[in-house]
Amino acid sequence: MNITAEKNRDSWDRFATAYSEFNHSEKMLCRIKDTPASAFHPVVWNQLQKYLPHLEGKEICVPSSGDNHAVFAFALMGAHVTSCDISEKQLENARKAAETLGISHSIEFVRADTMMLDPLPDNKYDFVYTSNGVHVWINDLAGMYHNIQRILRPGSPYMLFEIHPFLRPFDDNAKIIKPYDMTGPFEKNSEVTYAWRIQDILNALMDAGIQLVHFEEMPAEKDYDWPFWLSAEDIVKGVTAIKEEVDRMHDWKYNPMAALPNWMCAVGIKN
């Protein structure tokens, strides 16, 4: 593990308890248990149904599993899931949540750096999925995608759901604070992050031997349950948005950020 990854692991170990209190609340877990599809953006859910319509019995890996909502949803729908994260404390909290949901028997929790995935064997998985907020922590895109390709079975799909890189040059007030092509590293509060461009991510994916078969960009959506202008820290602290604020923030004439795509989804197939 490199120094950058160690710093970020330590940061997430410190943040894990507060993060879990929000993401593994009774309300959140009940929603996922009642409606597993709610763990995914509607576009992602549609693509899942297209490329992996039958989840029961499938071997799925979720690197940088974070809140593990996708992991829980896949397990609830009958898959066997390997949840990988660099933070052992994140995984500990996810194990407890999986026990609460009664699905711990369907999930293997593995501490692993997404850029290496060294505990995982070659050609094992029917599907690999990474959710939003992964790429900002990755300093070696080539390594990440080489190993995602390595663990996939030939002909199997990989899907990413991610914050759209067009948002990265802006601060919370829609003010440009850096050029789009300034990718980092950025060091703040003992964390090291990156602002990869679309070309950085997709070229690394394709260079690794994963054929891009679908790409989609999504706007901010009022019915998506994480207001796009709030940070993870805001959400964990319980910051909420009233209806008037939601309406205002989705008006691009008031808030220029609403004029940009907020999310992206890509699907690739291992050659």
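This is a predicted model: local features need pLDDT of at least 70, side-chain atom pairs count only at pLDDT 80 or more; totals for chains, interfaces and linings use all residues.

Colleague: OK. At what angle do α1 and α5 pack?

Modeller: About 25°, with the axes of α1 (residues 3-23) and α5 (residues 88-101) 7 Å apart. Helices here are DSSP runs of H or I with at least four residues, strands are runs of E with at least two, and both are numbered from the N terminus. Axes are lines fitted to C-alpha atoms, for helices over the stretch in contact, and angles run from 0 to 180 degrees between N-to-C directions.

Colleague: So are they roughly parallel or roughly antiparallel?

Modeller: Roughly parallel. That label is for angles under 35 degrees; over 145 is roughly antiparallel, 65 to 115 roughly perpendicular, and the rest oblique.

Colleague: Which residues make the contact?

Modeller: From α1, W12, D13, A16, T17, Y19 and S20; from α5, E88, K89, Q90 and N93. Contact means heavy atoms within 4.5 Å.

Colleague: Is N93 buried or exposed?

Modeller: N93 is buried, with a relative accessible area of 15%. Buried means under 20% relative accessible area, exposed over 50%, and partly exposed in between, using a 1.4 Å probe and protein chains only.

Colleague: What does N93 touch?

Modeller: A16, T17, S20 and H24, not counting residues up to four places away in sequence.

Colleague: Switching to α7. Which of its residues are buried?

Modeller: In α7 (residues 198-207), the buried ones are I198, D200, I201, L202, A204 and L205. Their cover includes α6 (141-151), β5 (157-163), β8 (210-219) and β9 (261-270).

Colleague: And what follows α7?

Modeller: G209, with a positive phi near 100°.

Colleague: Now the aromatics. How many pairs are there?

Modeller: The structure holds 12 aromatic pairs. One of them is F40 with W45, which is stacked at 6.1 Å centre to centre and 20° between the planes. Rings of Phe, Tyr and Trp (its six-membered ring) pair if their centres lie within 6.5 Å; planes under 30 degrees apart are stacked, over 60 edge-to-face, and the rest tilted.

Colleague: Are those two buried or exposed?

Modeller: F40 is buried at 5% relative accessibility, while W45 is partly exposed at 21%.

Terms used
Residues are numbered from 1 along each chain as its sequence is written. Side-chain values use heavy atoms; hydrogens and water are left out.
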